[in-house]
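I am opening a notebook on this chain.

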Amino acid sequence: MRHGVDFVIDHESHHRDRPVRVGELQVWDIVNGSPMSHPFHLHGFFFRVVEVNGKPPAFLSWEDTVDVPGRGRVRIAWLPDDRPGEWMYHCHILEHHAAGMMAHFEVVR
Ligand SMILES: [Cu+2]
């Protein structure tokens, strides 16, 4: 019998996500299938929160971390500027990050 939750992104720990291209607007839906909230952190870039559970936030701001409610979803938008290379996003709870709730992706020109 197993207890607790799997700390995974898209069913993988240490997920490898698709590359993104410099200058191409990114609109990402972050879906939390677990009952607890997870603070999503995008390393090295700022994003706008567009929707939380389908509703626009009260105000627009630049963030590098957003809380994704349990069983909820958040839509973010961001623009990869000209810093190609390896980047990552992860849960900002250290234990979750360390347990594999993180992903790498490449920014390409
Ligand atoms: Cu977490």
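**Entry 1: burial and overall form**

What percentage of the 109 residues in the chain is buried? I looked it up: buried residues make up 34%. I note at the start that this is a predicted model.

Next I listed the secondary structure. The chain holds one helix and 10 strands. Read from the N terminus, the order is β-β-β-β-β-β-β-β-β-α-β. I then checked the radius of gyration, which is 14 Å. The globule rule gives 13 Å for 109 residues, so the chain is as compact as a globular protein of that length. I also took the extents of the C-alpha trace along its principal axes, and they are about 45 × 35 × 20 Å.

**Entry 2: the copper site**

I went to the metal. Which atoms coordinate the copper ion? I found ND1 of H38, SG of C91 and ND1 of H96. The distances run from 1.9 to 2.1 Å. Along the sequence, the donor residues follow the spacing H-x52-C-x4-H.

C91 and H96 are both buried. H38 is buried as well, and it belongs to strand β4.

**Entry 3: strand β4**

Strand β4 covers residues 38–42, and five of its five residues are buried. I sorted the side chains by direction. H38, F40 and L42 point one way, while P39 and H41 point the other way.

Which strands pair with β4? I found β7, residues 65–68, which runs antiparallel to β4 and is joined to it by four bridges. H38 has V68 as its bridge partner there. I also found β9, which pairs with β4 in the antiparallel sense over three bridges. On that side, H41 stands opposite H90. β9 spans residues 85–91, and the copper donor C91 falls within that range.

**Entry 4: the open sheet**

I looked for a further sheet. There is an open one of four strands, in the order β3-β8-β5-β6, with antiparallel pairing. Its edge strands are β3 and β6 (62–63), each pairing on one side only.

β3 and β8 pair in the antiparallel sense over six bridges. Q26 has W78 of β8 as its bridge partner.

**Entry 5: salt bridges**

How many salt bridges does a search of the whole structure find? It finds five. I wrote down three of them.

One is R16 with E86, where the closest N and O atoms are 3.2 Å apart. This pair links distant parts of the chain: R16 sits in strand β1 (residues 15–16) and E86 in strand β9, 70 residues apart. I checked the exposure of both partners. R16 is partly exposed at 46% relative accessible area, and E86 is partly exposed at 47%.

Another is D29 with R75, at 2.9 Å between the closest N and O atoms. It too links distant parts of the chain, with D29 in strand β3 (residues 26–31) and R75 in strand β8 (residues 73–78), 46 residues apart. β3 and β8 are also joined by the six bridges noted above. D29 counts as partly exposed at 38% relative accessibility. R75 counts as partly exposed at 30%.

D17 counts as buried at 18% relative accessibility, because the cut-off for buried is under 20%. R18 is exposed, with a relative accessible area of 68%.

**Entry 6: a nonpolar patch**

Last, I searched the surface. Which residues form a nonpolar patch there? I got L25, V27 and L79, with about 290 Å² of accessible area together. V27 is partly exposed, with a relative accessible area of 45%.

Conventions. Residues numbered from 1 in each chain as written. Predicted model: local features only at pLDDT ≥ 70, side-chain atom pairs only at ≥ 80, totals over all residues. Heavy atoms only, no water. Donors = N, O, S within 2.8 Å, 3.2 Å for Na, K, Ca; no water. Buried < 20%, exposed > 50% of the residue type's maximum accessible area, 1.4 Å probe, protein only. Salt bridge = Lys/Arg side-chain N within 4 Å of Asp/Glu carboxyl O. Helix = DSSP H or I, 4+ residues; strand = E, 2+ residues; numbered from the N terminus. Patch = residues over 30% accessible without salt bridge, like charges linked within 9 Å, V, L, I, M, F, W, Y side chains within 5 Å. Areas by Shrake-Rupley, 256 points an atom, 1.4 Å probe, with all protein chains shown as cover. Pairing = 2+ DSSP bridges. Rg over C-alpha atoms; globule rule 2.2 N^0.38 Å.
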